[in-house]
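Dear colleague,

After it I have set out what was found, going from the whole chain to single residues.

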Amino acid sequence: MKPSILFLCTGNSCRSQMAEGWGRALQAENFNFYSAGIEKHGKNPSAIKVMSEAGVDISSQESQTVDELPVDSFDYVITVCGHADDNCPYFPAKTKIIHHGFEDPPKLALAFTNKEKQLDCYRKVRDQIKSFIEKITDYL
């Protein structure tokens, strides 16, 4: 069986969704990927858009909380934001918890009124997450 990786974020709307999408696109033969949040914030349309630009469709992924998943089935939990790292729920001892934070694209985008510059914030984080996923075994 392939190891299972859960990407955990605050609201499971952007960073964790992108990480799950990149995981499935780049490393599906090695791992099973999931994403969840401590809370449920819905799907972020800008995250869906920039992932689609890169050839990865995350539109069918659902925003969900970690409480909706079988927490005992994950080999790794990777927190992708500081809040999730600070408030990470209990996982069984077999689960290795790793923090690898990324900036929050919606927060970065607040600095701009131009829609394209806002999307550039999402693209920057999207590409950082892709690089992380390409080398994920280095972090496990």
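Among contacts in the protein between residues at least 6 apart in sequence, what percentage join residues at least 24 apart? The figure is 70%. Please keep in mind while reading that this is a predicted model, and that the values below were computed from it.

**Overall fold**

The protein has five helices and four strands, and read along the sequence these follow the pattern β-α-β-α-β-α-β-α-α. Its radius of gyration is 14 Å, which agrees with the value near 14 Å that a compact globule of 140 residues would have. Taken along the principal axes, the box filled by the C-alpha atoms is roughly 45 × 30 × 25 Å.

Of the 140 residues, 46% count as buried. The protein exposes about 6,900 Å², and carbon and sulfur atoms supply 49% of that area. As for charge, there are 16 positive and 19 negative side chains, with the centres of the two sets lying 4 Å apart.

**The nonpolar core**

The largest nonpolar core holds 38 residues, of which Ile5, Leu6, Phe7, Met18, Ile78, Ile129 and Ile136 touch the most other members. Two or more residues of this core are given by each of β1 (4–9), α1 (15–27), β2 (32–37), α2 (45–53), β3 (76–79) and α5 (115–134). Helix α5 provides the largest share, namely seven residues.

Thr79 lies in strand β3. Its relative accessible area is 0%, and Thr79 is therefore buried, the cut-off for that term being under 20%. Not counting residues up to four places away in sequence, Thr79 touches Leu8, Ala84, Asp85, Cys88, Ile98, His99, His100 and Gly101.

Asn12 is placed in the loop between β1 and α1, and its backbone deserves a look, as Asn12 has a positive phi of about 50° although it is not a glycine. Asn12 also counts as buried, because its relative accessibility is 0%.

Which strand holds Lys96? Lys96 lies in strand β4, which covers residues 96–99, and with a relative accessible area of 39% Lys96 is partly exposed. With residues up to four places away in sequence again left out, Lys96 touches Asp75, Tyr76 and Val77, and also Tyr139 and Leu140. Lys96 and Leu140 are 44 residues apart in sequence, while their C-alpha atoms are 8.2 Å apart in space.

Tyr139, for its part, is found in the segment after α5, and a relative accessible area of 32% makes Tyr139 partly exposed. Under the same exclusion of residues up to four places away in sequence, Tyr139 touches Lys96, Ile98, His100 and Phe132. Between Tyr139 and Ile98 there are 8.0 Å in space, C-alpha to C-alpha, for a pair 41 residues apart in sequence.

With best regards

How values were computed
Residues numbered from 1 in each chain as written. Predicted model: local features only at pLDDT ≥ 70, side-chain atom pairs only at ≥ 80, totals over all residues. Heavy atoms only, no water. Rg over C-alpha atoms; globule rule 2.2 N^0.38 Å. Buried < 20%, exposed > 50% of the residue type's maximum accessible area, 1.4 Å probe, protein only. Contact = heavy atoms within 4.5 Å. Areas by Shrake-Rupley, 256 points an atom, 1.4 Å probe, with all protein chains shown as cover. Lys, Arg positive; Asp, Glu negative; His and termini not counted. Charge placed at Lys NZ, Arg CZ, Asp CG, Glu CD. Core = buried A, V, L, I, M, F, W, Y, C linked by side-chain atoms within 4.5 Å.
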